[in-house]
Amino acid sequence: MVSAIESKFTTNVATKPRKKHIKFPSKTIQFKRYILLMSKNVHGRKFQLSKELLDMLQDFLMDLFQKIRICLMSVSQKKTLQARDLETAVKLCLPGLLKEYSRKNARSALGKLRMRVE
């Protein structure tokens, strides 16, 4: 009889459900998806990017945004961010033609956004 009681307790312990581990998404921003979408829009479906190149572009963009964030912290001491503050930070961080193209595209994007809102 003791063996029947022991087996009853051991089976209950063995069949106890385990906790499922929840995998939380990474907190870093991933640009790979957007890079692929933009390359398909610009070059068509024939153009493919390797995984290594996507990783390099991801690192480049993260470094670029880190530089812009540091410039923003030095330019603006306010809690709210305005388009002019971001434009000034980009002017300080980016070199030459990249600076001009980014400013031009940002202004056109802001204009389109303002037209949608109104």
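Guide: Let's start with one term: a contact means heavy atoms within 4.5 Å. In this protein chain, residues 24 or more positions apart account for 30% of the contacts with a separation of 6 or more.

Visitor: What kind of model is this?

Guide: This is a predicted model, where local features need pLDDT of at least 70 and side-chain atom pairs count only at pLDDT 80 or more, while totals for chains, interfaces and linings use all residues. Residues are numbered from 1 along each chain as its sequence is written, and side-chain values use heavy atoms, leaving out hydrogens and water.

Visitor: What share of the protein chain counts as buried?

Guide: Buried means under 20% relative accessible area, exposed over 50%, and partly exposed in between (1.4 Å probe, protein chains only). Of the 118 residues in this protein chain, 14% count as buried.

Visitor: Which residues make up the largest nonpolar core?

Guide: A nonpolar core is a set of buried Ala, Val, Leu, Ile, Met, Phe, Trp, Tyr and Cys residues joined through side-chain atoms within 4.5 Å. In this model the largest one has 8 residues: Leu64, Ile68, Cys71, Leu72, Ala89, Val90, Cys93 and Leu94. H3 and H4 are the elements that give two or more residues to this core, and the largest share, 4 residues, comes from H3.

Visitor: Which residues of helix H4 are buried?

Guide: Helix H4 covers residues 83–93, and its buried residues are Asp85, Ala89, Val90 and Cys93. Looking down the axis of H4, they fall within an arc of 135° (taken from the directions from the helix axis to the C-beta atoms), so they line one face of the helix. What covers them includes helix H3 (51–75) and helix H5 (96–117).

Visitor: At what angle do H3 and H4 pack?

Guide: Two packed helices are described by the angle between their axes and the distance between the axes. Axes are lines fitted to C-alpha atoms, for helices over the stretch in contact, and angles run from 0 to 180 degrees between N-to-C directions. H3 and H4 pack at about 120°, with their axes 8 Å apart. That makes H3 oblique to H4 (under 35 degrees is roughly parallel, over 145 roughly antiparallel, 65 to 115 roughly perpendicular, and the rest oblique). On the H3 side, Lys67, Ile68, Cys71, Leu72 and Val75 meet Asp85, Leu86, Thr88, Ala89, Val90, Leu92 and Cys93 of H4.

Visitor: At what angle do the axes of H2 and H3 cross?

Guide: The axes of helix H2 (residues 32–43) and H3 come within 10 Å and cross at roughly 110°. That makes H2 roughly perpendicular to H3. Lys32, Ile35 and Leu36 of H2 make the contact with Leu54, Asp55, Leu57, Gln58 and Leu61 of H3.
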